[in-house]
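Here is a friendly walk through this structure, written as a few numbered points. Please keep the 3D view open beside the text as you read.

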Amino acid sequence: MAEPTKTATLTIDDQSYELPIYSPTAGPDVIDIRKLYGQAGVFTYDPGFTSTAACDSTITYIDGFKGELLHRGYPIDQLAGKSHYLEVCYLLLYGNLPSASELEEFETTITHHTMIHEQMHNFFRGFRRDAHPMATMVGVVGAMSAFYHDSTDINNPREREIASHRLIAKMPTIAAMAYKYSIGQPFVYPRNDLDYAANFLHMCFAVPAEEYVVDPILARAMDRIFTLHADHEQNASTSTVRLASSSGANPFACIAAGIACLWGPAHGGANQACLEMLKEIGRPENIPEYIARAKDKNDSFRLMGFGHRVYKNFDPRATVMKQSADEVLDLMGVENNPILATAKALEEAALADPYFAEKKLFPNVDFYSGIILEAMGFPTSMFTPIFALSRTVGWISQWKEQLADPHMKIGRPRQLYQGNTARDYTDIENR
Ligand code: SDX
């Protein structure tokens with residue numbers, strides 16, 4: 001970690017405390033409060049961590065005001081336009097874009113880890129057919145700890161790398177199996193002659209009764225969705241993975257924890273919630289009623305797919321996603337899709353409304369991703385599993401980075417206690 005660049009002075013009851021300030025390569029300075037409790041006997045208070053840097057990282061940087069997202073310094077729009085998901089995985093994991101031979105070796109490795117242990121198929125059969133695929137994914141990924149004992153030692157760099165490759169490689173297989181199980185169709189095995197995105201589409205939509213040829217436009221759009229969701233600084237699910245990892249938990253358990261957190265509608269579950277909201281709105285004429293509800297403090301309704309903790313400008317991923325939506329809908333002959341018409345009318349109405357402008361509520365990555373996935377033929381229940389599949393490389397890269405940090409300690413936040421002070425037990429006959 002670099003040396004402090006400045007000092008902050010905190011004065012409490014005419015006692016002053018000097019706190020070092022560190023300057024990043026991009027973004028706000030940070031005040032180091034690690035010794036504050038020891039020196040001043042006080043905690044800082046920041047529920048939701050709106051002003052707290054929980055770690056130092058070199059992986060992803062977001063400028064919420066500019067609407068900028070960089071992975072190892074490369075802008076997301078360039079990566080989405082010029083790269084592909086497995087190359088972005090290499091970049092996130094190892095820090096730089098691969099040479100041609102490095103990329104070929106990495107892709108070959110991932111391709112040859114895509115099958116899961118045959119006995120794991122039994123885990124799917126323990127679920128009801130109508131289980132949400134996210135419930136299945138949390139369960140099956142957690143169960144990987146019981147099958148891949150040779151890649152659970154977090155202190156062994158080689159085992160950490162094998163676990164990373166296994167998780168990136170097997171997540172599409174597990175997600176596709178969760179989907180097939182939910183619709184009562186047989187599992188489709190991965191194929192080594194297909195690239196990562198095409199393989200996922202094939203495992204989801206192929207049936208034994210006939211050949212399924214993956215449309216390259218859909219495969220490209222799928223790959224782009226994976227890339228746009230790959231990593232995003234210290235979001236809720238990534239912070240969950242880091243906190244789980246800080247206790248020394250094995251990588252599969254940590255990723256299962258990340259999947260569980262991502263499931264929430266305020267986070268990765270928003271793409272499913274957004275599409276269900278658009279279907280509920282039904283058609284553009286109903287939009288004013290829903291805009292009014294979103295602005296009503298007494299109504300818990302929020303516009304799913306709008307707003308973001310960090311972006312106070314357009315989410316750059318939504319901009320790229322919107323371009324993909326048009327391509328996929330044209331291909332699927334659904335350019336007149338009533339849901340897309342409602343989505344576009346909602347976006348225009350919200351962006352023209354002072355409430356959303358004042359609160360800087362813009363469409364986020366989830367706003368258009370659901371429309372593309374629905375046009376591809378996925379049910380809404382598969383939207384968040386696809387987000388989880390995509391984000392696995394981000395979770396793993398952040399997990400790897402934290403394990404390599406010599407200063408890493410178990411995460412243990414404190415609290416502002418507002419409960420009862422000590423009091424004696426009262427026997428029940430005296431209550
Ligand atoms: C993701 O962190 C990440 O990086 C996440 C993510 C990633 O890649 O990992 O980007 C993925 O989770 C994207 C966000 C997906 N969630 C949604 O689309 C759900 C709808 N959005 C909201 O729930 C909300 O915007 C959050 C949760 C995303 C952000 O919440 P914040 O930053 O805590 O904002 P807030 O709840 O404090 O809201 C600020 C104000 C509030 O009004 P006031 O109390 O100030 O009067 O804006 C209002 C909110 O009521 N507001 C909304 C709104 N989002 C916030 N009003 C209507 N509709 C919305 N969507």
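1. Let us begin with a sheet. Strands β1, β2 and β3 form an open antiparallel sheet, in the order β1-β2-β3. At its edges stand β1 (6-12) and β3 (30-31), each with a single partner strand, so one side of each has no neighbour in the sheet. Strands here are DSSP runs of E with at least two residues, numbered from the N terminus, and two of them pair if DSSP finds at least two bridges between them.

2. A word on the source. This is a predicted model, in which local features need pLDDT of at least 70 and side-chain atom pairs count only at pLDDT 80 or more, while totals for chains, interfaces and linings use all residues. Residues are numbered from 1 along each chain as its sequence is written, and side-chain values use heavy atoms, with hydrogens and water left out.

3. Back to the pairings. Seven bridges join β1 and β2 in the antiparallel sense, and Thr11 stands opposite Ser16 in β2. These two strands form a hairpin with two residues between them, and Asp13 in the turn has a positive phi of about 45°. On to the next pair: strand β2 (residues 15-22) and β3 are antiparallel over two bridges, with Val30 in β3 as the bridge partner of Tyr22.

4. There is another open sheet, with three strands in the order β4-β5-β6 and antiparallel pairing. Its edges are β4 (60-63) and β6 (74-75), each with a single partner strand, so one side of each is left without a neighbour in the sheet. Between β4 and strand β5 (residues 68-71), which run antiparallel, there are four bridges; Tyr61 is found opposite Leu70 in β5.

5. Now for the ligand. Which residues are closest to the ligand? Among the 24 residues that surround it, they are His232, Leu303, His308, Arg317 and Arg391; a residue counts as near if one of its heavy atoms lies within 4 Å. The shell divides into ten nonpolar, seven polar and seven charged residues. In this scheme Ala, Val, Leu, Ile, Met, Phe, Trp, Tyr, Cys and Pro are nonpolar, Asp, Glu, Lys and Arg are charged, and the others, Gly among them, are polar.

6. A backbone N or O atom of Ala266 is 3.0 Å from a ligand nitrogen atom. A polar backbone atom of Gly305 lies 2.8 Å from an oxygen atom of the ligand, and a polar side-chain atom of Arg309 is 2.9 Å from an oxygen atom of the ligand. The protein covers 78% of the 1,100 Å² of accessible area that the ligand has on its own, by the Shrake-Rupley method with a 1.4 Å probe.

7. The structure holds one cavity of 30 Å³ or more; a cavity is a set of points on a 1 Å grid over the protein atoms alone where a 1.4 Å probe fits but cannot get out, and lining residues have an atom within 4 Å of a point. The largest cavity contains about 60 Å³ of space, the volume being that filled by probe spheres set on the points, which are joined across faces, edges and corners. Its lining includes Met115, Phe187 and Pro190. By class, this lining has seven nonpolar, two polar and no charged residues.

Conventions. Polar contact = N/O pair within 3.5 Å; in protein donor to acceptor, adjacent residues only side chain to side chain. 1 Å grid on protein atoms, 1.4 Å probe; cavity = no way out; pocket = protein on both sides within 12 Å on 5 of 7 lines; lining within 4 Å.
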